Amino acid sequence: NRHKFWETQPVGQFKDVGDSSLPDGPIEPPTPLSEVKQEPYNLPNLYEWITCDINSDGVCTEVYNLLTDNYVEDDENMFRFNYSKEFLRWALRPPGYFKSWHIGVRVKSSKKLVAFITGAPARIRVRDEIVLMAEVNFLCVHKKLRSKRLAPVMIKEVTRRVHLENIWQAAYTAGVVLPTPMSTCQYWHRSLNPKKLIDVGFSRLGARMTMSRTIKLFKLPDSTATPGFRKMELHDVPAVTRLLRNYLSQFIVAPDFDENDVEHWLLPKEDVVDSFLVESPETHEITDFCSFYTLPSSILGNPNYSTLKVAYSYYNVSTKTPLLQLMNDVLIVAKQKDFDVFNALDVMQNETFVKELKFGPGDGKLHYYLYNYRIKHAVRSSELGLVLL
Ligand SMILES: COc1cccc(CC(=N)NC(=O)c2cccnc2OC2CCNCC2)c1
């Protein structure tokens with residue numbers, strides 16, 4: 001009856017798919033702020049809302065611990081996302097963020113944090129419309145409180161608090177199919193440490209393959225190949241912003257990044273986000289850009305390893321260096337930084353390099369959703385220019 005909830009929400013309904021009489025754009029008009037529910041939704045008796053001050057180390061630790069033990073696992077329950085505290089602070093405090101959108105639920109008596117959901121403001125372009133949205137993420141209910149119908153009330157509460165800031169649309173992803181995906185992406189993995197990946201069950205030894213043959217297959221050079229390939233620095237923000245805005249303009253859905261956004265989302269931050277660019281040695285022009293974010297996974301129940309070090313492809317732009325060569329350099333850097341695997345969705349032009357660079361297909365899909373915004377025709381993943389954390 002999860003669909004019972006979504007049938008009450010302003011999202012594309014399965015019954016409407018294909019009904020070309022319905023126009024693209026907002027499904028419901030904004031409500032006058034005076035008519036937005038002023039008080040929080042009711043929780044079951046034992047629980048209370050808490051706005052989480054992510055700047056407080058203690059609160060950030062509580063959020064980190066809740067997610068570490070109760071957040072998203074892969075389909076075979078072998079791995080669980082293990083976002084770091086520094087990553088959470090980065091993800092939740094972009095330019096213009098609202099503390100009120102960092103929402104927790106705790107037990108009244110013990111004050112234990114048992115659920116969490118967040119919103120982060122974003123300007124997203126859909127075709128030629130710039131739409132202010134909340135990127136909703138980190139919905140997590142403690143394992144012991146599942147099927148108490150807490151998720152719907154958490155979604156309604158973050159929606160209410162987003163409405164109070166006069167924002168009426170949202171974007172989110174899920175591994176499950178809900179009404180109704182705006183786009184559905186395949187994910188791909190590139191082994192960097194095949195021995196560990198096989199030891200922990202992330203990968204399997206290929207048929208007629210030995211371990212030494214597999215290690216050789218995924219071996220990468222010790223250093224990058226592109227002249228002028230270097231880490232992004234603060235003074236590169238204007239040039240990277242120009243490069244990225246121009247590149248993203250080709251996609252149907254993409255963030256509308258300005259220099260403030262680029263400085264926050266793409267300036268390297270150790271163990272959170274890495275970004276590189278190619279500065280032409282002759283002209284000093286910035287011609288290419290690539291980036292990935294760091295999201296380790298806990299390995300559940302393995303005696304020899306506790307953590308999988310995973311890099312997730314973020315935003316990449318190639319205007320002079322072939323994308324294949326640029327991404328191979330990214331793989332080399334990720335290997336140098338001791339990542340075990342490099343993940344990429346088949347968004348943007350990622351499909352053009354995954355096969356060539358020895359990525360293997362993942363066993364799941366990631367569905368993208370818009371809240372209160374109809375897009376009649378689902379967007380192909382290659383027309384999607386948005387990567388969520
Ligand atoms: C390897 O450890 C895992 C731990 C938990 C879940 C999964 C499978 C999975 N659900 N993967 C993805 O959603 C995924 C695969 C490739 C790229 N980005 C992804 O998700 C991102 C973006 C959405 N929020 C989570 C991180 C894998």
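The residues of the shell around the ligand comprise 13 nonpolar, two polar and two charged ones, where Ala, Val, Leu, Ile, Met, Phe, Trp, Tyr, Cys and Pro count as nonpolar, Asp, Glu, Lys and Arg as charged, and the others, Gly among them, as polar. The model is a predicted one, in which local features need pLDDT of at least 70 and side-chain atom pairs count only at pLDDT 80 or more, while totals for chains, interfaces and linings use all residues. Residues are numbered from 1 along each chain as its sequence is written, and side-chain values use heavy atoms, with hydrogens and water left out.

Around the ligand stand 17 residues, of which Phe79, Tyr83, Tyr187, Ser297 and Leu389 come nearest; a residue counts as near if one of its heavy atoms lies within 4 Å. Ser297 places a polar side-chain atom 2.8 Å from an oxygen atom of the ligand. At Leu389, a polar backbone atom is 3.1 Å from a nitrogen atom of the ligand. On its own the ligand has 590 Å² of accessible area, and the protein covers 91% of this (Shrake-Rupley method, 1.4 Å probe).

The protein itself contains ten helices and 17 strands, taken as DSSP runs (H or I, at least four residues, for helices; E, at least two, for strands). Its C-alpha trace spans about 60 × 50 × 45 Å along the principal axes. Of the 389 residues, 53% are buried, that is, under 20% relative accessible area with a 1.4 Å probe and protein chains only. The protein exposes about 18000 Å², of which carbon and sulfur atoms supply 51%.

Conventions. Polar contact = N/O pair within 3.5 Å; in protein donor to acceptor, adjacent residues only side chain to side chain. Buried < 20%, exposed > 50% of the residue type's maximum accessible area, 1.4 Å probe, protein only.
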